[in-house]
Amino acid sequence: PCSSPHEHLFGLAGGASYGFGLSLGLLQMFQWCCCNDSTGNAVTDIGADQIEPMSFKVSSYNKPRTVTFDDLSEAANVHEVTMGCPLSWRAAAVTQKPKRVSVCSALSEQQAENLQKETVQLFHNVRGYLGSHDVLNAIVTPDMMGPLMLPDADWRGVTRATWKRIVDINALGGPRLQVVWWGTLLEDRQLPQYPCDWSRILDAEALLLAWLENMDDHGKVDGRAVCLTFFSHRWERPSTDVSLAHPDSVCNKKALALAQYGSRGTCPIFEPHHKFDYYFWVDYAGIHQYDPWQKVLGICKLPVFVAACTELAFFNSNTTSYEPRAWTRVERMLAYTFTVSPLFVYLDEGYPSQPMDVDAIIARDPESFQKDASGALRLVIRSPWGPTASLTHAEDIDLIQELAVLASSARPLNPMRLSASDPEIHFENTTIVLDTMHYTLDYDLEQKMGPTHTLIKLWREAVAQRDVDHIGSIGSMSSAPMSSVDTSVPYRQTSCLKAAWLSRFYRRHHKAW
């Protein structure tokens, strides 16, 4: 039983791009030791003791710069948020140092069978959990939201329920839920990668437990309530060339957007009484980027990672097309089914220094973005395997379809889908209302007060300059080939959890690094 009427109010959401690929700098953090196993396959041993702390280069300069706490806390104006030391009490939630793993170039028959058993069981656990009594009774109603909008709202029940949800998800097996704090993004000015940057990534269960121990009588720490956000995006530099592949731009514009999002801590629903301490699930930090075995298990848990967060935020990049990516399309299906927040937060390069131009967004991609009669911006749910969908590895569509079937057939929790006249998902017809209020709210604050940190202002200038420098060379960048995928039926029988398919998945993603 719940200890408060708000125990059921807690997170769900979705988003990411699942490409392997490591920058040359990250590869240099590892000492590679290759040998052969008994089957003659190459084996790579990766030891956590071989991982060096990550460093960051401000991309508009030619020399490394160490980011200190003096930078983080330098007050730009009265809106400055000082959070103490970079991690403070959150240090107790840093992910455990990864153990050494041996990654073969191909699976033996026995290994493939073992992986099949593990993935089938994990996916079974995920399906069972999402259909459980606890989850199906977590639907948020206006009666539950109203008390939280009051100035003296008590967020303790929400936080306890969120922690319990994460405990249950971790207990399903497979990879644990890992998140990145906005303050870490501000300090490091880049997205951390797992396992290289494990010390910059937080275990969500440990984080919420530490929050419960540090929160005040209203469930807040440092005057903020906790919020987990699932970040959906398309990799900026997908490539089979490990020196080029990376999820962010050269100047790390996505990390900048999330750092700004978190530094303000706003939410239009709860303004002006409540601010939020944001933590982000990002594929690059939440799924093992070296081990294909762990990668496929992480993807199997994507629906429950969606169900663990409070909201979905996506980045509509002007240098790579976000919407057609098959992975991001199925993420939106999952979020439309399982998120507690009915709206998806819209972010792009202009956030929050420029006003949102809804008409320009629609003009750029009229097939995906629409404006309804009220003027609200909507995003069309499109088929992850339609003629306009794209994938780096076409065979991954089998796993995407498994996830899509789950999203389509599950009992929805998302308030928008529940309240729709037709709650079924119809490709090209079903639309999702986007949260543009957050963008506008932070833009208005920006105009009144300026950036929340001087560091953000300098970083933003560097990003803007690099965008100008590189805008003409985007077409010539080396990237992984994208395949279109299409079927003539809504869903087709898939075999992605069979040993043969998993072996092929393992081999093609092993090659990526």
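Predicted model: local features only at pLDDT ≥ 70, side-chain atom pairs only at ≥ 80, totals over all residues.

Modeller: Residues are numbered from 1 along each chain as its sequence is written, and side-chain values use heavy atoms, with hydrogens and water left out.

Colleague: What is the order of the strands in the open sheet?

Modeller: Helices (H or I, at least four residues) and strands (E, at least two) are DSSP runs, numbered from the N terminus. Two strands pair if DSSP finds at least two bridges between them. Here 9 strands form an open sheet in the order 5-4-7-6-8-9-13-11-10, and the pairing is mixed. Its edge strands, strand 5 (202-203) and strand 10 (369-371), each pair on one side only.

Colleague: In which sense do strand 9 and strand 13 pair?

Modeller: Strand 9 (residues 344-347) and strand 13 (residues 431-435) pair in the parallel sense, over 2 bridges. F344 has L434 of strand 13 as its bridge partner.

Colleague: How is a pair of packed helices described?

Modeller: One gives the angle between their axes and the distance between the axes. Axes are lines fitted to C-alpha atoms, for helices over the stretch in contact, and angles run from 0 to 180 degrees between N-to-C directions. In this model, the axes of helix 3 (residues 109-130) and helix 11 (residues 292-300) come within 9 Å and cross at roughly 20°. Helix 3 and helix 11 are therefore roughly parallel to each other, a term for angles under 35 degrees. The contact (heavy atoms within 4.5 Å) involves residues including L115 and L122 of helix 3 and W293 and L297 of helix 11.

Colleague: Is R165 buried or exposed?

Modeller: Buried means under 20% relative accessible area, exposed over 50%, and partly exposed in between (1.4 Å probe, protein chains only). R165 lies in helix 6 (residues 156-170), and R165 is buried because its relative accessible area is 2%. R200, in the loop between helix 7 (182-188) and strand 5, also counts as buried, because its relative accessibility is 17%.

Colleague: With which side chains do R165 and R200 make polar contacts?

Modeller: A polar contact is a pair of N or O atoms within 3.5 Å; within protein, one must be able to donate a hydrogen and the other to accept it, and residues adjacent in sequence count only if both atoms are side-chain atoms. The side chain of R165 has such a contact with that of Y129 (2.7 Å), and the side chain of R200 with that of E187 (2.5 Å).

Terms used: Parallel < 35°, antiparallel > 145°, perpendicular 65-115°, else oblique.
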